[in-house]
Amino acid sequence: MNFDVAVPVARSTALVGELGFATDDQNEPGVSGNLKFYTVAGGARWTTTNRMRRVVSPYVQLLVGAARTHADLIQNGMPFDDGDWAFMFQPGVGVTVPLTTPIGLMAQADYRRAFFYGSENEWRVVVGVRVFGH
């Protein structure tokens, strides 16, 4: 799941806040339980079109924030419960296609670098619905 809010600050620039959540239930030989991944980030989004017009709008964005992992597992009969926070930065590109006055489709691809004990490189693709404010 991914939620973001963009507030226009200039004709082609917006401030963005984003919350993300992913979960994975493990049920493999020797390992069972749940893995969770959370992100919270903010930054800027730039587009070539005026945000108040309802046209196809490609954009680029740069977010910085924090990523959190959490594992609640049973490994070989032993409980394992651990989590960690890390700084992350996340550049991305996307496009919004308006369908009706308040609703559009969006697709976005991001590279995320999270700095846990080492660094972790991640790629993600998000497809969803965007609701436009006035």
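Seven strands make up an open sheet, ordered 1-2-3-4-5-6-7, with antiparallel pairing. Strand 1 (2-10) and strand 7 are the edge strands; each has a single partner strand, so one side of each lacks a neighbour in the sheet. On average, neighbouring strands of this sheet are turned by 20° against each other, direction ignored. The model is predicted.

Strand 3 (residues 31-47) pairs with strand 4 (residues 57-75) over 17 bridges, in the antiparallel sense. Asn34 faces Asp72 in strand 4.

## Salt bridges around Asp4

The whole structure holds five salt bridges. One of them joins Arg45 to Asp4, with the closest N and O atoms 3.1 Å apart. Arg45 belongs to strand 3 and Asp4 to strand 1, so the pair ties together parts 41 residues apart in sequence. Arg45 is buried, because its relative accessible area of 2% falls under 20%. Asp4 has 22% relative accessibility and counts as partly exposed.

Asp4 also meets the side chain of Arg130 in a salt bridge, at 3.3 Å from N to O. Arg130 counts as buried at 12% relative accessibility.

## A link between strands 6 and 7

Asp110 and Arg124 form a salt bridge, their closest N and O atoms being 2.8 Å apart. Asp110 lies in strand 6 (residues 103-115) and Arg124 in strand 7, so the pair ties together parts that are 14 residues apart in sequence. Both Asp110 and Arg124 are buried. Elsewhere, salt bridges with shared partners join Asp4, Arg45 and Arg130 into one network.

## Asp82 in strand 5

Asp82 lies in strand 5 (residues 78-98). Its relative accessible area is 42%; Asp82 is therefore partly exposed, between the 20% and 50% cut-offs. Leaving aside residues up to four places away in sequence, Asp82 touches Thr69, His70 and Ala71. Thr47 is 35 residues from Asp82 in sequence, and the C-alpha to C-alpha separation is 40 Å.

## Val131 in strand 7

Val131 is part of strand 7 (residues 120-131). Val131 counts as exposed because its relative accessibility, 62%, is over 50%. Val131 and Pro102 are 29 residues apart in sequence, yet 5.5 Å apart in space, C-alpha to C-alpha.

Definitions and conventions: Residues numbered from 1 in each chain as written. Predicted model: local features only at pLDDT ≥ 70, side-chain atom pairs only at ≥ 80, totals over all residues. Heavy atoms only, no water. Helix = DSSP H or I, 4+ residues; strand = E, 2+ residues; numbered from the N terminus. Buried < 20%, exposed > 50% of the residue type's maximum accessible area, 1.4 Å probe, protein only. Pairing = 2+ DSSP bridges. Axes fitted to C-alpha atoms, helices over the stretch in contact; angles between N-to-C directions. Contact = heavy atoms within 4.5 Å. Salt bridge = Lys/Arg side-chain N within 4 Å of Asp/Glu carboxyl O.
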